[in-house]
Amino acid sequence: MITKTRPGRYGEFGGQYLPETLMPAVAELEAAWLEARADAEFQAELARVLRDWVGRPTPLTDAPRLATAVGLARVLLKREDLAHTGAHKINSAVGQALLAKRMGKRRIVAETGAGQHGVASAAACALLGLECVVYMGSVDVRRQQANVFRMKLLGAEVREVDAGSRTLKDAVNEAIRDWVTNVRTTYYLLGSAIGPHPYPAIVRDFQAVIGREAREQTLAMVDGLPDVVVACVGGGSNAIGIFSAFLDDESVKLVGVEAGGEGIASGKHAASIVGGTVGILHGSRTLVLQDDQGQIRETHSVSAGLDYPGVGPEHAALAQAGRVRYVARTDREALDAFALLSRSEGIIPALEPAHAIAELPAIAREGAEQTVLVCLSGRGDKDLEIVMREGPFR
Ligand SMILES: *Cc1c(COP(=O)(O)O)cnc(C)c1O
């Protein structure tokens, strides 16, 4: 298993690869988080918001028609698509916003690619009366008009970034620059289990509610543990959230599904574990997609939420330890799975968890009698335009 050599280290991965100017900020954050997680009042407030505003617990849905279609005995869907704003991201956004408020920070900066994390952050800030600034590449602003408008409706300021490739990676750089400049008043709200310590641990803590609920709900529904738990992996927050409740259950196989894009061999993908190498990205030592010179490679995925050239350090360590098996599914396989779940169960998934659904036939070939728990991380409304253009429904 994984040895935590130092706080914030997962085997050889993780750490804090940051400029000196940010070291006090991450130290302050770590201290505040350790205090908050031990504080019953903070936990009670978080639980109240998760129940009354996010809509937790999310249901566990038995999916017999999907199970038959993929050749499995039983498939259970953990319904993060039914959480407020349509995905699991809200769990961490509202948790971190509560933490920021407790730290006395009245201003939040966040970055967003497709806009999902920006919308979740803007909603959490509106709830708690915090100022919210979201950095977004100008290319993404043009591609994601509806989410830009949602963020503005929710009271956030959206700042267009015109540097570099004008997408997520450049928005991250601008958000970090803002944080360095305004660190006394400002909290940097990260959207996945990535970045320097303590972010991967904080985000995992707030997403672990998925696994705690799913474990209990599965025990009640099938009178036992699942044989396999499957989740899609972008930065890795929904996956670590559901896996965390099963890591110590040796009988439970864990499978993480990355974005295979047009296939690993094509080079056009976002599978940082399956197709990456060890490097440093956004303050953390982890598996990244880079060229021979260590330059971060352009990534591709039909699903914006998986289109990131790195992965959280805990996943890199879980892969190395062999506790979780990581695989990749292509755009085409995800689009087919999107159609399959829509038609078999009346649930339109986001394209990200459609990658997890796409892995089910392969799991069935290893044992048709298995019960498989899938993290359905979000709903597909945001993806309709892409599916209309690319999908099997044309
Ligand atoms: C952002 C997103 C993901 C990918 O992020 P993780 O941190 O890997 O969970 C997955 N599913 C949905 C619906 C998303 O919006």
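Me: In which loop is P198 found?
Reply: In this predicted model, the peptide bond from H197 to P198 is cis, with omega near 10°. Most peptide bonds are trans. As for its place in the chain, P198 is found in the loop between β8 (186-188) and α9.

Me: What is the phi of D223 near?
Reply: Most residues other than glycine have a negative phi. D223, which sits in the loop between α9 and β9 (228-232), is a residue other than glycine with a positive value. The phi of D223 is near 60°.

Me: Which element gives the most to the lining of the second largest pocket?
Reply: About 230 Å³ of space lies in this second largest pocket, and of the 13 residues that line it, the closest to its centre are Q43, L46, D205, F206 and R212. The elements giving two or more residues to that lining are α1 (23-37), α2 (40-54) and α9 (199-222). With five residues, the one that gives the most is α2.

Me: How many residues in the lining of the second largest pocket are nonpolar?
Reply: Sorting the lining by class, one finds one polar residue and three charged residues. The remaining class in that lining is the nonpolar one, and its count is nine.

Me: How much of the area that the ligand exposes when taken alone does the protein bury?
Reply: Around the ligand there are 17 residues, and the closest are K89, S192, G236, S237 and S377. A polar side-chain atom of K89 lies 2.6 Å from an oxygen atom of the ligand, while a polar backbone atom of G236 is 2.7 Å from an oxygen atom of the ligand, and an N or O atom in the side chain of S377 is 2.7 Å from a nitrogen atom of the ligand. Taken alone the ligand exposes 380 Å², and the share of this that the protein buries is 98%.

Me: What is the radius of gyration of the protein, and why does it agree with a compact globule?
Reply: The protein has 15 helices and 14 strands, and its C-alpha trace spans about 55 × 45 × 40 Å along the principal axes. The radius of gyration agrees with a compact globule because such a globule with 394 residues would have a value near 21 Å, and the protein has 19 Å.

Definitions and conventions:
Residues numbered from 1 in each chain as written. Predicted model: local features only at pLDDT ≥ 70, side-chain atom pairs only at ≥ 80, totals over all residues. Heavy atoms only, no water. 1 Å grid on protein atoms, 1.4 Å probe; cavity = no way out; pocket = protein on both sides within 12 Å on 5 of 7 lines; lining within 4 Å. Points joined across faces, edges and corners; volume = space filled by probe spheres on them. Helix = DSSP H or I, 4+ residues; strand = E, 2+ residues; numbered from the N terminus. Nonpolar A, V, L, I, M, F, W, Y, C, P; charged D, E, K, R; others polar. Near = heavy atom within 4 Å. Polar contact = N/O pair within 3.5 Å; in protein donor to acceptor, adjacent residues only side chain to side chain. Areas by Shrake-Rupley, 256 points an atom, 1.4 Å probe, with all protein chains shown as cover. Rg over C-alpha atoms; globule rule 2.2 N^0.38 Å.
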